[in-house]
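Hello,

Here is the structure I promised to send over. Have a look at it first, and then read on for my notes.

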There are 2 protein chains.
Amino acid sequence: MSRPTAKTDARTKLLEAALSVIRTKGYSATSVDELCAAAGVTKGAFFHHFKGKAELGVAAADHWSEMTGALFAAAPYHDHADALERVLAYVDFRKGLLRGPLPDFTCLVGTMVQETYETAPAIRDACKRSITGHAATLEADIEAAMRERSIAADWTAKSLALHMQAVIQGAFILAKATGGAKIAADSIDHLRRYIEMLFGVESGQTKRMETRREADQDHRAHLVGRRDPGPRRTGRRR
Amino acid sequence: MSRPTAKTDARTKLLEAALSVIRTKGYSATSVDELCAAAGVTKGAFFHHFKGKAELGVAAADHWSEMTGALFAAAPYHDHADALERVLAYVDFRKGLLRGPLPDFTCLVGTMVQETYETAPAIRDACKRSITGHAATLEADIEAAMRERSIAADWTAKSLALHMQAVIQGAFILAKATGGAKIAADSIDHLRRYIEMLFGVESGQTKRMETRREADQDHRAHLVGRRDPGPRRTGRRR
DNA sequence: GACGGCATACCGACCAGTTGGTATGTCACT
DNA sequence: AGTGACATACCAACTGGTCGGTATGCCGTC
């Protein structure tokens with residue numbers, strides 16, 4: 001049924017090329033010819049597998065969802081027994097991904113949706129699926145954390161999960177604007193601090209009225225190998 | 001020096017058209033011809049004022065900085081005597097801007113930089129100037145708030161100002177993906193709560209261990225017409 | 001096990017329209 | 001008569017997309 005030519009068929013090569021090229025120059029600026037050249041296939045192959053450029057856009061977003069889905073599913077942040085720690089470890093994991101050239105760690109669908117939200121509904125929807133689908137994988141942990149820590153909040157697990165995505169997407173934009181990842185890492189630090197505060201974690205970070213003078217030094221220390229001593233309390237309330 | 005033909009010269013019309021068209025379809029997908037048509041001028045006028053499309057991109061970003069700079073400079077959030085309240089009022093102001101069609105309230109430079117960060121350094125730099133320049137206008141208030149509230153933190157006013165921009169930019173992406181502003185408003189709510197928590201504001205929002213059952217109801221109440229009872233302290237500035 | 005029939009995967013020349021950009025001209029002021 | 005502010009006409013390169021063709025595998029039939 002699907003053992004056509006061999007290992008890497010043209011479709012897969014085109015999809016893989018699309019991720020790389022579109023993340024570098026955007027969707028609109030990426031031409032079909034360039035995509036074919038990058039994938040090492042001909043235009044005939046392109047239009048054999050996709051009805052047009054727009055369909056490739058959708059397929060690329062879906063492919064992105066699969067790739068990132070697998071990456072996050074296999075990531076170690078799930079290992080923590082404590083739900084809140086899983087959430088925080090997710091944030092750390094995202095921060096850890098901010099390495100290498102910008103096109104390698106920024107988000108395909110975040111880029112694409114900005115160019116297509118008004119002009120290509122099919123692509124926009126694929127991007128929406130990708131983002132909200134990924135956010136949904138965080139909801140259970142956030143909810144569990146809320147339960148475990150007895151958090152009664154006027155925000156929902158879903159809204160926090162989406163907010164986390166917003167911060168990450170925004171961090172990518174700042175990174176692209178400044179040409180470096182540091183600014184993105186700083187923003188993710190703020191996100192982590194926010195989550196800690198939401199859940200009442202007393203980290204060594206934000207304290208009031210104490211004029212701690214070592215504060216400025218351990219700026220990034222909290223993420224390299226950070227591991228909270230353990231769940232404060234296994235118990236739940238409610 | 002600059003009273004050429006009349007009220008709205010071609011350059012200004014092109015710039016204004018650029019804001020609208022680029023925000024709708026992105027920079028790459030916007031053609032010079034379309035820009036000219038939208039501005040009601042000819043191609044000759046375009047290339048008379050700009051060396052090429054890239055130069056228009058830079059000029060559009062600079063124009064955007066001027067426009068938004070004036071908007072925010074004239075905005076009422078500066079009126080509060082309390083620095084923290086100015087910062088929070090800024091957040092509210094940003095949230096209040098989330099009205100009408102998406103292309104009307106989303107950010108030009110946030111869109112452009114995603115398409116040009118690797119291919120057009122001049123545009124990227126103009127976008128960077130726009131974002132960091134705007135963030136810088138928040139720094140003084142944040143710093144003053146930190147002083148007034150005696151906050152000793154391991155984050156800087158600058159990093160918080162930039163984080164606020166990241167959240168807003170990310171919120172725009174989510175809004176574009178979902179086709180609505182609500183998701184962006186929710187994210188800005190989270191941002192507000194974060195700032196409140198950073199500064200130790202005891203708002204009616206996130207409480208722990210109290211099983212408040214009205215929490216779920218007043219979900220959006222806190223921003224529609226929110227106005228803290230008044231400055232906590234008329235206190236000094238610098 | 002050779003056969004024709006048929007589908008899939010891919011090739012690459014070609015097309016019409018669009019792209020950013022140019023060359024030249026007009027015209028109102030100064 | 002020169003200059004800034006446009007307009008018109010035009011172009012070469014590129015755009016997304018088409019189309020006829022080929023190579024190869026799988027199938028039931030004889």
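**How the two chains meet**

The copies meet through the same surface, because 100% of the interface residues of chain B are also interface residues in chain A. Please keep in mind that this is a predicted model, in which local features need pLDDT of at least 70 and side-chain atom pairs count only at pLDDT 80 or more, while totals for chains, interfaces and linings use all residues. Residues are numbered from 1 along each chain as its sequence is written, and chains are lettered from A and ligands numbered from 1 in the order in which they are written.

Across the interface, 61 residues of chain B are in contact with 61 residues of chain A (contact means C-beta atoms, placed from the backbone, within 7 Å). H9(B) gives the largest share of chain B's side, 16 residues (helices are DSSP runs of H or I with at least four residues, strands are runs of E with at least two, and both are numbered from the N terminus). By type, that side of chain B divides into 26 nonpolar, 21 polar and 14 charged residues (Ala, Val, Leu, Ile, Met, Phe, Trp, Tyr, Cys and Pro count as nonpolar, Asp, Glu, Lys and Arg as charged, and the others, Gly among them, as polar).

**A helix pair across the interface**

Helix H10 (residues 182-198) of chain A packs on H9(B) at an angle of about 90 degrees, with the axes 9 Å apart (axes are lines fitted to C-alpha atoms, for helices over the stretch in contact, and angles run from 0 to 180 degrees between N-to-C directions). H10(A) is therefore roughly perpendicular to H9(B), a term that covers 65 to 115 degrees. From H10(A), A:Ile183, A:Asp186, A:Ser187 and A:His190 meet B:Ser159, B:Leu160, B:Leu162, B:His163 and B:Ala166 of H9(B). Four of the residues in this contact are nonpolar, four polar and one charged.

**The core**

The largest nonpolar core has 133 residues, of which A:Ala61, A:Val87, A:Leu174, B:Ala61, B:Val87 and B:Leu174 touch the most other members (such a core is a set of buried Ala, Val, Leu, Ile, Met, Phe, Trp, Tyr and Cys residues joined through C-beta atoms within 7 Å; buried means 20 or more other C-beta atoms within 10 Å, exposed 12 or fewer, and partly exposed in between). Beyond its neighbours within four places in sequence, B:Leu174 is in contact with A:Ile131, A:Leu162, A:Gln165, A:Ala166, B:Ile183, B:Ala184 and B:Ser187.

**Two loops to look at**

A:Ser150 is not a glycine, yet has a positive phi of about 55 degrees. A:Ser150 sits in the loop between helix H8 (121-148) and strand S1 (151-152) of chain A and is partly exposed, with 17 other C-beta atoms within 10 Å. B:Ser150 also has a positive phi of about 55 degrees, but B:Ser150 is exposed, with 11 other C-beta atoms within 10 Å.

A:Phe50 lies in the loop between helix H3 (43-49) and helix H4 (53-73) of chain A. A:Phe50 counts as buried, with 21 C-beta neighbours inside 10 Å. Not counting residues up to four places away in sequence, A:Phe50 touches A:Glu55, A:Leu56 and A:Ala59.

Best wishes

Technical notes:
Two residues are in contact if their C-beta atoms, placed from the backbone, lie within 7 Å. Angles under 35 degrees count as roughly parallel, over 145 as roughly antiparallel, 65 to 115 as roughly perpendicular and the rest as oblique.
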